[in-house]
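Here is a protein chain to get to know, step by step, through questions and answers. Please look over the sequence and the structure first, and keep them in view while reading.

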Amino acid sequence: APQGLNAHFIMVGNTAPPISVVPEEVYLCVLCHYFVHPPPQSQTTGEVFAPNVASQKIALFLLKELKGSGSARYTALQPLCTKLINSLGELGTELVRQLELILQGLQSPDDVTKIFEALGGLLAAGRALVTPAVQGGAQAGIDALSPLGLFLRKVRASFALLPFESISLLTARLRQDLEDAAASAAGAAQQQGGPDAERPSAPPLRDAATLEAYLDAQLKEVERKGAAALTPELDDLLSDLEA
């Protein structure tokens, strides 16, 4: 009988299928963070999200994504962003915005590794996730035996076995996906064309120049209002996850 690591694979001759993590799994893992720590409000409209309601909506969205992937192929970035906006409205738009910021911050394999290390802090022993935390009604964590917990554990275990070269390739694919999605969103906006054309309430993704301008505006807002106006970026996310 196969021993150790080989016991996790269905052997074909003497060859085990390669271990891999795809970008689509990374996106869903990041969204698991927002099930536990939902955004408090929309940075675009100021709409406030009730933590428990937001968590329930995000959980339902994630479960549908996992259940709908019988072939183990998950939704690509651009259609995932569209689904979030169409399914969750302003909450979905805010999730897309924050997902975009996180992906923009993944500049190296080390950044991706830190994300996966931090995501382990979302897992809770037993059934802790059904008991809201006292502060703000947020979730206490993701039950390790729940569908979301099993998915998160599986992807993290696969990532832990990746060699550095594979992590580098995953990082490159994440960045390429972001560039492709931004280009696709820009092309769709141009096709709607004309100064009188109705503009979408929120594009699925912004290109790098638009994002830079957005971040510059946020920094000016911080100077005016203080640190409370700062929007969460990668380092803030990691600190939140590891806390």
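Q: How many salt bridges does the count come to?
A: In this predicted model, a pair is counted when a side-chain nitrogen of Lys or Arg lies within 4 Å of a carboxyl oxygen of Asp or Glu. By this rule, the count comes to 3 salt bridges.

Q: Which residue forms a salt bridge with Lys 154?
A: Lys 154 belongs to helix α6 and its partner to helix α1, so the pair ties together parts of the chain that are 129 residues apart in sequence. The closest N and O atoms of the two side chains are 3.2 Å apart, and the partner of Lys 154 is Glu 25.

Q: At what angle do helix α1 and helix α6 pack?
A: Helix α1 covers residues 23-36 and helix α6 covers residues 147-160, and their axes are 10 Å apart. The two helices are oblique to each other, and their crossing is left-handed. The angle at which α1 and α6 pack is about 130 degrees.

Q: How many nonpolar residues does the contact of α1 with α6 have?
A: On the α1 side, Glu 25, Leu 28, Cys 29 and Phe 35 take part, and they meet Leu 148, Phe 151, Leu 152, Lys 154 and Val 155 in α6. Sorted by class, this contact has no polar residues and 2 charged ones, while the number of nonpolar residues is 7.

Q: How far apart are the closest N and O atoms of Glu 65 and Lys 83?
A: Glu 65 and Lys 83 form a salt bridge, which links helix α2 (residues 51-67), where Glu 65 lies, with helix α3 (residues 77-88), where Lys 83 lies, the two residues being 18 apart. Glu 65 counts as buried at 7% relative accessibility, whereas Lys 83 counts as partly exposed at 35%. The closest N and O atoms of this pair are 2.9 Å apart.

Q: In which helix do Arg 97 and Glu 94 both lie?
A: Arg 97 forms a salt bridge with Glu 94, with the closest N and O atoms 2.6 Å apart, and both residues are buried. They are 3 residues apart, about one turn of the helix, and the helix that holds both is α4 (residues 90-104).

Q: Is Thr 171 buried or exposed?
A: Thr 171 has its place in helix α7 (residues 164-192). Leaving aside residues up to four places away in sequence, Thr 171 touches Leu 106, Gln 107, Ser 108, Pro 109 and Val 112. With a relative accessible area of 5%, Thr 171 is buried.

Q: How far apart in space are Gly 121 and Gly 141?
A: Gly 121 lies in the loop between α5 (109-119) and β1 (123-124), and at 53% relative accessibility it counts as exposed. In sequence, Gly 121 and Gly 141 are 20 residues apart, and in space, C-alpha to C-alpha, the separation is 8.1 Å.

Q: How many helices and strands does the protein chain have?
A: Read along the sequence, the chain follows the pattern α-α-α-α-α-β-β-α-α-α-α. Of its 243 residues, 41% are buried. The totals are 9 helices and 2 strands.

Terms used
Residues numbered from 1 in each chain as written. Predicted model: local features only at pLDDT ≥ 70, side-chain atom pairs only at ≥ 80, totals over all residues. Heavy atoms only, no water. Axes fitted to C-alpha atoms, helices over the stretch in contact; angles between N-to-C directions. Helix = DSSP H or I, 4+ residues; strand = E, 2+ residues; numbered from the N terminus. Parallel < 35°, antiparallel > 145°, perpendicular 65-115°, else oblique. Left-handed = near helix turned anticlockwise from the far one by under 90°. Contact = heavy atoms within 4.5 Å. Nonpolar A, V, L, I, M, F, W, Y, C, P; charged D, E, K, R; others polar. Buried < 20%, exposed > 50% of the residue type's maximum accessible area, 1.4 Å probe, protein only.
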